[in-house]
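Open the model in your viewer and keep the selection panel at hand. We will go from one selection to the next.

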Amino acid sequence: MSKIRFQALKETLNRNSVIITEDKRRSVLFGENVFDQKTMLQYLTKDAYTSVIGAIENGSKIDRRVADQIASSMKDWSLSKGVTHYTHWFQPLTGATAEKHDAFFETIGDGQAIEKFGGGQLVQQEPDASSFPNGGIRNTFEARGYTAWDPTSPAFIYGTTLCIPTVFVAYTGEALDYKTPLLRALQAVDNAATAVTKYFDKNVKKVNASLGWEQEYFLIDSALVNARPDIVMTGRTLLGHSPAKGQQLDDHYFGSIPARALNFMMDLEVECMLLGIPVKTRHNEVAPNQFELAPIYEETNLAVDHNSLLMDVMDKVGARHNLKVLLHEKPFAGVNGSGKHNNWSLSTNTGVNLLGPGKTPMSNLQFLTFFINTIKAINENEELMRAGIASASNDHRLGANEAPPAIMSVFIGEQLTAVLKELEGVTDGKLSPQEKTDLKLNVVGKIPEILLDNTDRNRTSPFAFTGNKFEFRAVGSKANCANPMTILNTIVAKQLIDFKKEVDELIGTKELKKDEAIFNVLREYIKQSKNILFEGNGYGSEWEKEAEKRGLSNNKTTPEALKAKISERNLKLFEEMGVMNRVESEARYEIEIEEYVMRIQIEGRVLGDIARNHVIPTAIRYQNMLIKNVSGLKGLYGDDFKKYAKEQMDILEEISEHIGKINTKVNEMTDARKEANKLEDLGKMASDYCVKVKPLFDEIRYSCDKLELLIDDELWPLVKYRELLFIK
Ligand code: ADP
Ligand code: MG
């Protein structure tokens, strides 16, 4: 049984790096396989080009005749690059991307064939989508789903397939994917933010939300992974004793990148270049064999597509290097887990970052407006933000001692805290000329310097302002960024709408000047949002107590956290903002809660199997060896044998105890699952899985890990932590 472990080790130790050489500059490779604006100019008629740009920039419709032209050009471009198939590429709520390839090839009778791709095929497809999660939306067979082209995210070639980014919706109109609500949220924040920027600059026509994600991951040799059924089935290790050395020496973080990993990264980055994913940064992370990759930020919809695509490409490139990319948030106990910081900001079509410093007092007041409104939005929707990052796998991270806690808070740094304090003292109503000048010079005027010098950082904050952007750090490494980004942009949109209403009211009824009205509203917002601001150590237990006093939520588990998604208030919020109607919100909740149940269920089954069918038989085998040894000693020494066999007999007993415990706890776990499965209500079922099933994992693991320490290394069937984490 341990054969597979040793075979895997042998295979791994004999591996050579797959050497990657780069002979073309990256700027030349960039976007080569993307039907981007440069390629469109080359391939499209002027009409068609204008039409696509209009769709990208203003969401205008593309008519059918033009769509035919575009499709035909896409096909020509694709064929010139050896492409044979096309697919609508979308992001169903499974968390993976989906594609179904169709050949351009078509027969036209008389034994002849051509390559064909029309506007109809570009614009819409009807995948047989009945097996994608839909949360009860498509429960009748008439209610089929279809995919529809999203021209704002350019088509790209991967392998020999032309991939067309699409939304995925039910025929009745409800969203069945991540992209649709995201696009609606981005539209909402665009409208709301553009309206607010008019106070400062009448020329702004559009506001884009930007996203720069930082992807963390582990790289483990594929032979080792394949010898670990838990990683294969669940993406993480369900047992395994901590190695003597973990990350305590801090010798991996930012260290020199091991050769195999570096070749993997180069290969991956080249693929990213071809696909137009602007990756820029790579480095070792804190845990052994953990790494990070980050791109240059982009418009959010595109950035989300690029991250989803990246996760898929990583897997494929990994295979070429005999490496398995682990995106799970917590593949190994005892060392750091992986996250995906979401760096977020808003910028105008005129090129201004609304969360960055400006050149004039007015543009700095604009910064403060967006800055404070964002803080208020988080304050009022902290529970929803927490819900947006909830998953069975991210639960291992949040609140564990190395990741942001399950409590949302905002870090802004000492200097901006001081600025808010000043603003809190602004006079109620009209401001004297003296006060206005003072504010302009000494408060608002100082913003650029403050932001330039924003070295103030707090790594323990889940939502931190870092100079010209907010960084949502609690997002899970394997999550689709669309989920948290939909929530963040929706709540900020809602907040900006409320803000504008209040400012306009003060201008209208109290006859305040525009800037006076803005100062007045911001002052109140600062007072109302204090609870969410926290500058201290977010990992400490004092913060938990303090947060409780402040009335902040601390939803540690997914079943608890997800409830916020279907609270009456939040159902209304999404509906009012045009992001998701009630049916869509409820369906999503159901899908996520069901996924939670399934993940824990699968983990329970796998753990039960490994514990009973791998660990216990190994323990018994070792016991038999010991028994043989003891009876041998008895034969030699007669009644004196105990003098020589004491340790062996102690170990025998210890092993028996652990075997007994494992057996009992696996039975308990199976019963607990059976009980939970009887519940009709999914929320209750998830809660049972969380409270009654999952805690047994730790007890089973404890005994298995103890056995790992007791049993002869040569017998142990599972690749050990030290082998998984330290073989490079
Ligand atoms: P770190 O947070 O690790 O110090 P950086 O600040 O360099 O790293 O940036 C991390 C990510 O934030 C990158 O993807 C970067 O492109 C992105 N980023 C930088 N500026 C912005 C911005 N204004 N809006 C959104 N993302 C940004
Ligand atoms: Mg960062």
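Does H17 pass H18 in a right-handed or a left-handed crossing? Select both helices to find out. This is a predicted model. H17 covers residues 482–509, and H18 covers residues 514–528. The crossing of H17 past H18 is right-handed.

Now look at the contact itself. On H17, pick Phe499, Glu502, Val503, Leu506 and Ile507. On H18, pick Lys514, Ala517, Ile518, Asn520 and Val521. Colour them by class: 7 are nonpolar, 1 is polar and 2 are charged.

Next, the geometry. Two packed helices are described by the angle between their axes and the distance between the axes. Here the axes of H17 and H18 come within 9 Å and cross at roughly 130 degrees. The two helices are therefore oblique to each other.

Zoom out to the domains. Colour domain 1 (31–177), domain 2 (187–580) and domain 3 (595–726) separately. The C-alpha centres of domain 1 and domain 2 are 31 Å apart. Where these two domains touch, 14 residues of domain 1 are in contact with 12 residues of domain 2. The domain 1 side of that contact has 5 nonpolar, 7 polar and 2 charged residues.

Last stop: ligand 1. Show the 15 residues around it. Gly212, Tyr297, Asn343, Ser345 and Lys469 come nearest. Then highlight strands S9 (207–221), S11 (290–295) and S14 (340–348), which each give two or more residues to the shell. By class, the shell around ligand 1 holds 5 nonpolar, 7 polar and 3 charged residues.

Terms used. Residues numbered from 1 in each chain as written. Chains lettered and ligands numbered in written order. Predicted model: local features only at pLDDT ≥ 70, side-chain atom pairs only at ≥ 80, totals over all residues. Axes fitted to C-alpha atoms, helices over the stretch in contact; angles between N-to-C directions. Helix = DSSP H or I, 4+ residues; strand = E, 2+ residues; numbered from the N terminus. Parallel < 35°, antiparallel > 145°, perpendicular 65-115°, else oblique. Left-handed = near helix turned anticlockwise from the far one by under 90°. Contact = placed C-beta atoms within 7 Å. Nonpolar A, V, L, I, M, F, W, Y, C, P; charged D, E, K, R; others polar. Domains from an automatic or database assignment. Near = placed C-beta within 6 Å.
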